Amino acid sequence: MKKRIVFCLFIVVILLINGCENTTEYNYEPQLTVNGELKAGFPIDSISLTWSTRINERYDTPDQLASEADVRINGLTLDEYSDYKGYYYYPDTNYRAQSGQTYRLEVYLGDEHLFSETTVPAAFQMTPLGISEGDTVQYVPGVSWFSDEFFNIVWPGYSGSLIYRILSMAEDDRPENFIEDDRPEAEVFKGEVEDRINPGIWWVADEYVRVNWMFFNWTGWHQIVVSAMDSNYYEYRNGILFGEQGGQNFNQIVEGGLGLFSSSASDTIRIYLVE
Amino acid sequence: MKKSLYILILMMCTSTAFAGASISGFVTDSTSGEGLIGANIYLEDNRIGISSNMQGYYVLHPVPAGEYVLKVSYIGYKTVSLDIDISPDEKMFLNISLLPETLAGEEVIVSAEAVTRDREVSLSQVELTVQTIRQAPQLAEADLFRTLQALPGVVAESDFSTGLVVRGGNTDQNLIMLDGITVYNPAHMGGIFSNFLLDATKDAQFVKGGFPAEFGGRMSSVLNVISKSGNNKKFSGSVGISLLSSRLSLEIPVGNGSLLLAGRRTYFDKVLALMNKEFPYYFYDFQGSFYQDLSPYDRLTISGYFGDDVLDWNQLSFNLDWGNRTISGNWQHVFSPQLFSNFMVAASNFKTDIELGGDQGVNSKNDVNDYTVKGDLSYIFSSRNTLKFGFEYKKLRFEYRDIYDNRILFRLLQQPSEVAVYMQDDWQVNNRWIVKPGLRVSYFTEDKNEFYLEPRFAVKYKLRAGEYLTYASGLYRQFIFTVQDEYNPNFINSWFAVDQTVRPGLSVHNIIGYERELWTTTLVQLEFYYKTLENMLTYREQRSSVDEELGTDVKANDFFVPTSGYAYGFELFLHKKYGRLAGWIGYTLNWARQSLDDYSYYASFDRRNNVDLLMSYDIGRNWRFSFRFNYGTGFPYTPIVGSYLESDDRLDKRRVIYGPRNIYRYPAYHRMDFGFSKFFKWLKLEWQFDIQVINAYNRENVFFFDPDYDANPIELNVIPMLPVIPSVGISTRF
């Protein structure tokens, strides 16, 4: 009997020793990140290069701007802004991104090499329904994302994109123009008052967008920019779980690094919002 | 083949084919008429003895002609001794009622338990009575799943989940049944309460692995919750009120049977409204059964459950409706003393319906329907050999619909059928050996149309009185599943069926156990287990789990990738069932690993060390103290290791970067709960007053880390589990 107990205890002690583990350490090495959007009809003027950051380190520090890189688009070398380190542009402003064209981005910096490719969507035109350019729109507080629309914007028959981005940008976002709305439903759907930002951004996969209270946090002039986005953008957005504003993106579209390199074709309407 | 099968069944129905006298009948509680599970019936001075089955039925066969003393014993009841005189080939039908006895002597208990242990292979099996469940300290009210989570080999996903992680398996790998009917999501929203109403529950049988051939369709464990039949002697009931909910049960004798009705409703909504806070959420459960004894050999039962979680937040145009419904008709028939049967027709439904934004908004619906026909038969060759066999047919229907602005974005409709037949033998070879071989054959229509063989085997060897060695092994298939998301906590488990693009889950169990009685009422069990798990599904990393227009022709591999894994470990269970001090200490040492695309990692619920102490102590003067302590090493998680700038036109934000899957671990989990109960009489009724404290020292256990992007550097805020929560409740029986 004693032998049996000793044997059982021996087995248990061996198992317990096996059950102890050392803490795992993982050292993340920062990666080169490129962000840039080629806009149909516009010069190439804002390709940014930064380094990603370890989670316990400060971000947006000057040393995270990736300066003096060799940045090329379709073989054309981009220059770095002298007063904005890490931002690159093509000096010939007559050279503009064109719908239907494919652009290949390549970046070399030290041992790092990354590239990505985008095809600019076909020219895009939208039609606002019920309002015209420069009209005044009355703001009516809603209760959810799906509250009644102030107006609709449609683009029937356009097939150049799988995802559309809608930017609502207040031209004058001074505090006196801010729409104070701290109702519970506003805090649920728009976020805390201090978290409301300009511009606001939405995405749809349809041929229309219903513009309602969710699109506005300031009164005054607004630009509503609807952009048909390229396949890079579509892939990138599809890698993000619903509602996770800052979560992981599982679909990286830049080979050798991180970031969002895409292209778009846009149309804009201006409206004047009053409370 | 068909002819020989027919002859076999005919021979079983006409017991003259196996000549000999027999004594059979039902063992019931004399005050309620409730069948007693596992009562011991034996002939004194003779080696013939047996335990009653789930319905309280027993048969002693063959019994040589003569005069005997028949003894019937059951824990908590007075032992009955009857003088009987049986003639050759006599089929004596004898129902026995036992009288409850508060002060059952421990010797009686021990001897009764010992008889059962000598006859049954119960490896990895735990039977929980309602009394045991009620004795554990709980939030607001006793809950079966919370008690199960205190068993060795079982861990909880979190304080907000009643899901059972059994020996490293996922929560969908447990077959959870209410009277044999599958219940798909047995928890209310937030996971704090499970569905089952203890006032309507008689017993719960839980098998952590190596389960026999009568159960199938899941890879890890089986939980069968058995409802009360209802009191057929007198009108009775109970009422309970706590800070969060109220409950009521009634048992009404009707004809040759009884009607049982039980219900519960929470009132978070009303309590918060009093505090000028709006959270219009509540849930309710209703459980009922009605039975009639048509003859001494026939019982018809109709039972049902329905429960709903309701969130009507009209201010936000947000409505959520989530619930389970089951209904079943059950015919229990004794064909002959040796052939006992149970046939069931049942339907089970689980649905979620989430609406946001009214007609033009989002509507997400999920419906799971299960229509089952099954038959379970037992042929008792002798008190040493019982053959169980049966069939099960399930017609399943899973539907998912995402509607936005009155337009279907995504629809998945699966309508598979699952068929199974099984046979298993419980054979006590001699006084030392019991073997339990079995075979289950399954067929599932949505996959590659194959028959699947699932052999099962268990054996028990008696080393000496009260000391046993056991071994069990088996092959287990699973055709429907929920999906493990290793990046986000799951709040709603959605069920899917395998199709031709993914293989059914497959698990092989191997368990070795050692069991020994210590002192008079205490049992120590040691078990070593190893199980493989193949074709578990997880989300494809490359695809968002929602928010995409996928259309209607969706296949499982559009969303999911199969992972495989294994789990092994060791469990120690020291269980004192009876006496002034009762409870258990459980310890589990477990490893659970998974692999995906050649990358191997710890499973999300790989808890290396877990200790549970659960006890209740009768202080005296009608006071009882209950206590639970749980310590578990941290679960693995996938850490956020970095962040990068994402610039989308004029909008900059930080997007996080995850490290390799599950390489870090959360801090250890520990929690202490305790409670005091006072029993007293008032207004000629028996009352119980409970005061309980959950997480008594307010340990901040980590649920997950939530990044705060406004901070620089990004801060990972702890989202904690339950804080310290006191609660009081009062209940009475009449």
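Analyst: A domain, as the word is used here, is a part of a chain whose bounds come from an automatic or database domain assignment. Please keep in mind as well that this is a predicted model, which scores ipTM 0.91 and pTM 0.85.

User: How is chain A divided into domains, and what distance separates their centres?

Analyst: Chain A is divided into domain 1, residues 32-119, and domain 2, which is made of residues 127-248 together with 262-274. The centres of these two domains of chain A, taken over C-alpha atoms, are separated by 27 Å. Where the two domains are in contact, domain 1 of chain A contributes ten residues and domain 2 of chain A contributes seven. On the side of domain 1 of chain A that touches domain 2, the elements giving two or more residues are strand 1 (32-39) and strand 9 of chain A. By class, this side of domain 1 of chain A holds four nonpolar, four polar and two charged residues.

User: Which residues of helix 3 of chain A are buried, and why do they line one face of the helix?

Analyst: The general idea is that an α-helix has 3.6 residues a turn, so residues three or four places apart point the same way. In helix 3 of chain A, residues 231-238, the buried residues are A:Asn232, A:Tyr233, A:Tyr236 and A:Arg237. Looking down the axis of helix 3 of chain A, one sees these buried residues fall within an arc of 125 degrees, so they line one face of the helix. They pack against four strands of chain A, namely strand 9 (112-119), strand 14 (200-204), strand 16 (220-229) and strand 17 (258-274).

User: Is A:Ser231 buried, partly exposed or exposed?

Analyst: A residue needs 20 or more other C-beta atoms within 10 Å of its own to be buried. A:Ser231, which is found in helix 3 of chain A, has 17 other C-beta atoms within 10 Å and is therefore partly exposed. Sequence and space can also be set side by side for this residue, as the C-alpha atoms of A:Ser231 and A:Pro121 are 110 residues apart along the chain and 8.7 Å apart in the model.

User: Turning to chain B, how many helices and strands are there, and what percentage of the residues count as buried?

Analyst: Chain B has six helices and 47 strands, and 45% of its 734 residues count as buried. Among its contacts between residues at least 6 apart in sequence, 62% join residues at least 24 apart.

User: What are the domains of chain B, and which element gives the most to the side of domain 1 that touches domain 3?

Analyst: Chain B is divided into domain 1 (2-119), domain 2 (125-225) and domain 3 (226-678 + 729-733). In chain B, 31 residues of domain 1 are in contact with 27 residues of domain 3. Helix 2 of chain B gives the most to the domain 1 side of this contact, with six residues. By class, that side of domain 1 of chain B has 14 nonpolar, twelve polar and five charged residues.

User: Where does the largest nonpolar core lie, and which residues have the most contacts inside it?

Analyst: In soluble globular proteins, nonpolar side chains tend to be buried together. Here the largest nonpolar core has 67 residues, and B:Leu144 and B:Met177 have the most contacts inside it. Strand 12 of chain B, residues 174-178, gives the most to this core, with four residues. Domain 2 and domain 3 of chain B both give residues to the core, so it lies between them. Leaving aside residues up to four places away in sequence, B:Met177 touches B:Thr182, B:Val183, B:Leu223, B:Asn224 and B:Val225. Another core lies apart from this one and has 63 residues, among them A:Leu49, A:Ile73, A:Ile163 and B:Ile657.

User: Is B:Asp612 buried or exposed, and what does it touch?

Analyst: B:Asp612, which lies in strand 37 (residues 609-620) of chain B, counts as buried because it has 22 C-beta neighbours inside 10 Å. Not counting residues up to four places away in sequence, B:Asp612 touches B:Ala150, B:Pro152, B:Gly586 and B:Asn630.

Methods:
Residues are numbered from 1 along each chain as its sequence is written. Chains are lettered from A and ligands numbered from 1 in the order in which they are written. This is a predicted model: local features need pLDDT of at least 70, side-chain atom pairs count only at pLDDT 80 or more; totals for chains, interfaces and linings use all residues. A residue is buried if 20 or more other C-beta atoms lie within 10 Å of its own, exposed if 12 or fewer, and partly exposed in between; C-beta atoms are placed from the backbone. The arc is that of the directions from the helix axis to the C-beta atoms. Ala, Val, Leu, Ile, Met, Phe, Trp, Tyr, Cys and Pro count as nonpolar, Asp, Glu, Lys and Arg as charged, and the others, Gly among them, as polar. A nonpolar core is a set of buried Ala, Val, Leu, Ile, Met, Phe, Trp, Tyr and Cys residues joined through C-beta atoms within 7 Å.
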